[in-house]
Amino acid sequence: MTHAPDSSLSRLFDPQGIAIVGASATPGKIGAMPISLLLQHGYGGRIIPVNPRADTIAGLPAVPGLDTLDADVDLAILAVPAAHAAQALERARPGQVGAAVVFTSGFSETGAQGAAEQDRLCAIARERGIRLLGPNCLGFMNVRRNVYATFSPAPANGIVAAGGIGMVSQSGAFGAYAYSMARERGLGLSHWISTGNEADIDVADCIEWLTRDADTRVIMAYMEGCRDGAKLRRALAAARAAGKPVVITKIGRTQAGAQAAASHTAALAGDDAVYDALFRQYGALRARTIEEFFNLGYALDTWKRPPQGRRLGIFTISGGVGALMADEAADTGLALPEPAADAQARLLQRVPFASGRNPVDVTGQAVSEPGLLLATADDMLADGRYDALAMFLAAAGSSEALWPTFEAFARQMQARHPDVPLAISALFPPARRRELEQLGCLVFPDPSAAVRTIGAVAGLAAQAGRDGIDEAPASAPTPASAPADAPPLQDAYNEVQAMALLRQAGLPASPCTLASDSDAAVRAVAGNDMPVVLKVVSPDITHKSDVGGVKLNLRGEDAVRRAYADIMANVRQHRPDARIDGVLVAPMAPKGVECIAGVHGDPVFGPVVMFGLGGVFVEVLKDVSFRLAPFGRDDALAMIREIKGYALLQGARGAPACDIDALADALAALSRFAHAHRADFRSVEINPLLALPEGQGVVALDAVVIREDRPA
């Protein structure tokens, strides 16, 4: 069931009238819970119980079916067995019901018969213009409007405060847990949504709708899989454009986890590296644990403006804990610049046994000298060298006698340095912690968690300036026409043809010639006194060196002729069955750093571009990064910097720095080629892609292109 990506879900999530099909007055039944919650929490719209065996339920007039409603309703809740759900919805007139929430299980999650019943339900909804949430879901809550279209017991045990976090989960059980955790952590929610089987509305639809919701500032999502990668990309792009951060927990990071996800929801877990690339590309923060999920949501909700860079000031009363926090900062990529020299001097003048470097340790003197905290923080922040400040106060936070000092400090920091987010680590009582949070401070009992959270959110500001090529392919990719000067598409490409194809696509590829015999190889080097390389060209040989199929540093006709003969003899000896197109003749490449770039066709997200250093870095260490095609230079530069071997490209041990800008341009060009031909090629690999010294560019030395219809 598909709808345009901009279809409004406002009738669903902000309904003015709700019909509950299968309504019940019996406590504990799923048809009783939403009526009870709606009445208990003061929903202001019309509530219509639908039950053919009752005249009134919970004091409300009941009707026997949707066809007997006296007016249109925005929302129908289906709390009837799966076998009756389609029949109940079928009684609605076209246009009468805006949306339906289907609590019932027993659909696609149970097998083929359930999937067929789900398809029937979707067809009826489509005919009547009804959007579906579910089936097999816990429903949703609009906290600000007191809409409790759910049978979850979580709100019955206490409701969350209204706030700026929109929460959406594919799993009802996790969603209910997350609701309870939000209540315990004091997080305010705008919406809580459970999507279940996602027969129509999925997590991506909800994220995109929340980006347009005025009550939502932060989006938190729990995912088990994705069927429509293009839609999810559009949703994350919309969130980035709206300036609304997204925190995602995506399970299935390991093979065992992926199998568990598939067996639980029949959703596609996908390739985890691709999800990582997706989230990085669109600035979504991926939480690896439940604690991190809530820490990130908490930080983004409390700090209305996250750190604008990665420079952290650490301010502590314990040198040992300061060192621990510094270690965490290094692990998360945060910089720790020292305070200005005069600021350090002033601190040491006041407290000679303090440490004025970063971490700044004022020792326990801060407890006995109330003005020391603010004076030191003012000195640290006076010249704008920090993007965030993390503070450790140990057990002093539990002292009621010191509370006025800490409260005054937080108020003054907010007034004097509103653009520098503050996180305080201390053991504050819950009421005191909430007061500090209302002043815009994060409060953590664990200083390591505080620093990790700062490190995670500190990269969001950089997303605002990205080049933002967000051309996601249509949900069902269609063939794209090739550039006018590109070689015609064919069933298979040898290396020479593959290099020509990439060259026409704008990638810098080494000039090369295919020689079918030794005379042709000699003609290819005629008049050239530069060294050349000869490599066997065969669709059956991937590792040419392993079969003696490569000869390097050849000069002169005799050397080329002998090399050609040797290559043919070696290949016939090691691979007598191999098809041989001939031998590639190309100039020897200059010195540079060997990299690898490739494209893989992901079944959900389409072409994904990989980058890494060549040799052991990719084969053994798997030091690679990914981005979804297409993308621009900013994303290309980001994926280059992500690899652990980036220092080698910058120039290590006296080696010249590589032309990183040219490397980024080549990756961006490869991504555009991959996107334009997303229906044509299963994979592309350039290995090596040679990064030359700065200002000299890059050059592709070898390429393999595999058509989509080629057998695996």
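Predicted model: local features only at pLDDT ≥ 70, side-chain atom pairs only at ≥ 80, totals over all residues.

Visitor: What percentage of the residues of the protein chain count as buried?
Guide: A residue is called buried when its relative accessible area is under 20%. The protein chain has 712 residues, and its secondary structure comes to 25 helices and 29 strands. By that cut-off, the buried part of these residues is 55%.

Visitor: Among contacts between residues at least 6 apart in sequence, what percentage join residues at least 24 apart?
Guide: Contact here means heavy atoms within 4.5 Å. Among the contacts in the protein chain between residues at least 6 apart in sequence, those that join residues at least 24 apart make up 71%.

Visitor: Which residues have the most contacts inside the largest nonpolar core?
Guide: The largest nonpolar core has 137 residues. Leaving aside neighbours within four places in sequence, one of its members, F140, is in contact with residues including L12, F13, L75, V101, W192 and I193. A second, separate core of 48 residues includes L507, A586, A597 and F681. In the largest core, the residues with the most contacts are F140 and L236.

Visitor: Which strands stand at the edges of the open sheet of five strands, and why is one side of each left without a neighbour?
Guide: The order of this open sheet is β2-β1-β5-β6-β7, and the pairing is parallel. Two of these strands each have a single partner strand, so one side of each is left without a neighbour in the sheet. Neighbouring strands of the sheet are turned by 20° against each other on average, direction ignored. The edge strands are β2 (46–50) and β7 (131–133).

Visitor: Which residue in β5 is the bridge partner of I20?
Guide: Strand β1 (residues 17–21) pairs with strand β5 (residues 73–78) in the parallel sense, over four bridges. Within β5, the partner of I20 is I77.

Visitor: What angle does the direction of helix α2 make with that of β1?
Guide: Helix α2 (residues 33–40) packs on the sheet and touches β1, β2 and β5. The direction of α2 makes with that of β1 an angle of about 150°.

Visitor: Is strand β12 mostly covered or mostly uncovered?
Guide: On one side of β12 lie V218, M220 and Y222, and on the other I219, A221 and M223. Both faces are covered, as all of these residues are buried. With six of its six residues buried, strand β12 (residues 218–223) is mostly covered.

Visitor: Through which helix does the chain cross from β12 to β13?
Guide: β12 pairs in the parallel sense with strand β10 (residues 162–169) over five bridges, and S169 stands opposite Y222. β12 also pairs in the parallel sense with strand β13 (residues 246–250) over five bridges, where M220 stands opposite V247. The β-α-β crossover from β12 to β13 is right-handed, and its helix is α7 (residues 229–242).

Visitor: How many of the residues of strand β18 are buried?
Guide: L422, I424 and A426 point one way from β18, and A423 and S425 point the other way. All of them are buried. For strand β18 (residues 422–426), the count of buried residues is five of five.

Visitor: Which helices carry the chain from β17 to β18 and from β18 to β19?
Guide: Strand β17 (residues 388–394) pairs with β18 in the parallel sense over five bridges, and F392 has S425 as its bridge partner. Three bridges join β18 to strand β19 (residues 442–444), again in parallel, with I424 opposite V443. The crossover from β17 to β18 is right-handed, as is that from β18 to β19. The helix of the former is α15 (residues 403–416), and that of the latter is α16 (residues 430–438).

Visitor: What covers the buried residues of helix α14?
Guide: Helix α14 (residues 371–381) is mostly covered, with eight of its 11 residues buried. Among them are L372, T376, D378 and L381. The elements that cover the buried residues include β15 (312–316), α12 (341–350), β16 (360–361), α13 (365–368), β17 and α15.

How values were computed:
Residues numbered from 1 in each chain as written. Heavy atoms only, no water. Buried < 20%, exposed > 50% of the residue type's maximum accessible area, 1.4 Å probe, protein only. Helix = DSSP H or I, 4+ residues; strand = E, 2+ residues; numbered from the N terminus. Pairing = 2+ DSSP bridges. Right-handed = clockwise from strand over helix to strand, strands pointing away. Core = buried A, V, L, I, M, F, W, Y, C linked by side-chain atoms within 4.5 Å. Axes fitted to C-alpha atoms, helices over the stretch in contact; angles between N-to-C directions.
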